[in-house]
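Have a look at the model first.

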Amino acid sequence: MTNRQAETSPGERPSYLSSRIAWLERPDDDFPYYNGKPVEITGAQWWIVMLGVAAGFAVLILPPPFLRGPVTQIVPSILFFAIPLAALAWVAPSGWTAIFRRLRATDVLLMILFAAINMVLTLAVAYVISGMTHTTSNAVIAALAEQTLAQQLTFVARTAPQLFGEEVLTILPFLALLYWFVAKRGMSRTSAVLLCWFLTAVLFGAAHLPTYGWNVLQAVVGIGIARLVLTIPYIITKNIWVSTGAHILNDWTSFGLAIFLTGAARS
């Protein structure tokens, strides 16, 4: 497939940099694809990528029987991100790596900062929601407390590819919507970024509905708010590794606290 390469005259400041969110985004940087940099992904090509996202998610939640064994169950977690990234590489072979950037020292600090913010906010939101409706505990975390230490460490290690997949599930739709809102609908870049931020949080929360017993308030609102926080590092850095790092730190801390508190309650 072919992609159009965008060009800028020497000395000309691209208009998208003038409309960035100055208090949030880094200077002289922008999201890929929607403005033709490093390549443009067209609407039809984005549909292919979105089909890849849907297929990866389907394999994760409905894996075939031969991928449910103690060893093979990690495969759906890998396919969760591998299928959509393969679709992205197919439509943009010369630019698919634009969602990945080299990590800076400040990026690591952002991972820690937003993981901590999300932990505090998640606890506050969970407390409010629990007072409004019956909530469903995460069965995976509940089962984790019953496992041996070796099983717990194995589980935690296996979650890394799935959490990266959850970032892919969020960031690729974010970029697809950004292209549609700005390039096709003529929306201002700032408005489009904020709308993409909100809509992908709703999408992420909806993806957790089966996990939380189809409780819309708990999944879409509770998990959606957490997703809003975890997407901010990507908006700042344009680097999926940073949002992934914040996500992993957040979830691994949650797993560790669940294991510790369960053990303390039994002693």
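## Around Phe-31

Setting aside neighbours within four places in sequence, Phe-31 is in contact (heavy atoms within 4.5 Å) with Glu-25, Lys-37, Phe-174, Leu-175, Leu-178, Arg-189, Val-193, Tyr-234, Ile-235 and Lys-238. Phe-31 is buried at a relative accessible area of 1%, and Phe-174 is buried at 0% (buried is under 20%, exposed over 50%, partly exposed in between, with a 1.4 Å probe and protein chains only).

A word on the ground rules: this is a predicted model, where local features need pLDDT of at least 70, side-chain atom pairs count only at pLDDT 80 or more, and totals for chains, interfaces and linings use all residues. Residues are numbered from 1 along each chain as its sequence is written, and side-chain values use heavy atoms, leaving out hydrogens and water.

## Ring pairs

There are 12 aromatic pairs in the structure (Phe, Tyr and Trp rings, the six-membered one for Trp, with centres within 6.5 Å; planes under 30 degrees apart are stacked, over 60 edge-to-face, the rest tilted). The Phe-31 and Phe-174 rings have centres 5.3 Å apart and planes at 50 degrees, so they count as tilted. Phe-31 sits in the loop between helix 1 (15–18) and helix 2 and Phe-174 in helix 6, so the pair ties together parts 143 residues apart in sequence (helices are DSSP runs of H or I, at least four residues, numbered from the N terminus).

## The core

Methods:
Helix = DSSP H or I, 4+ residues; strand = E, 2+ residues; numbered from the N terminus.
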